[in-house]
Amino acid sequence: MRNFLTRAVWTIILAAVIWVIAAETRIDAFPFTTVYINGPKRFYHRVSCVMLKRGHPKAISVANAKKRGYNPCLRCQPPEW
Ligand SMILES: [Zn+2]
């Protein structure tokens, strides 16, 4: 019985760890979190933002944009994570 409990606990822990890893990995690939940067201003945008009409917007992940010091655009309010 005790063995069974130990194994059950470990299975749950393992499942939780796998779930967390899967969730973390999906964040970067998720279409939501792809944002666009454009020009010298340190803001990132949604693809539909009017601020991207000029120039050559570059696709980047939110995490990457934040790491590089970009802030979310006030007009299109892209996701923050
Ligand atoms: Zn914008």
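1. Basis. This is a predicted model, in which local features need pLDDT of at least 70, side-chain atom pairs count only at pLDDT 80 or more, and totals for chains, interfaces and linings use all residues. Residues are numbered from 1 along each chain as its sequence is written.

2. The sheet. An open sheet is built from 4 strands, in the order β3-β1-β2-β4. Its pairing is mixed. Strands here are DSSP runs (E, at least two residues), numbered from the N terminus. Two strands pair if DSSP finds at least two bridges between them.

3. The edges. β3 (58–61) and β4 (71–72) each have a single partner strand, so one side of each lacks a neighbour in the sheet.

4. β1 with β3. Strand β1 covers residues 34–37. It runs antiparallel to β3, and 4 bridges join the two. Val-35 stands opposite Ile-60 in β3. Tyr-36 has Ala-59 of β3 as its bridge partner.

5. β1 with β2. Strand β2 (residues 43–45) is also antiparallel to β1, with 2 bridges between them. Ile-37 faces Tyr-44 of β2 across the pairing. The two strands form a hairpin, with 5 residues between them. In the turn, Gly-39 has a positive phi of about 70°.

6. A residue to check. Most residues other than glycine have a negative phi. Gln-77 is not a glycine, yet its phi is positive, about 45°. Gln-77 lies in the segment after β4. Is Gln-77 buried or exposed? Gln-77 counts as exposed because it has 11 C-beta neighbours inside 10 Å.

Conventions
Buried ≥ 20, exposed ≤ 12 C-beta atoms within 10 Å, placed from the backbone.
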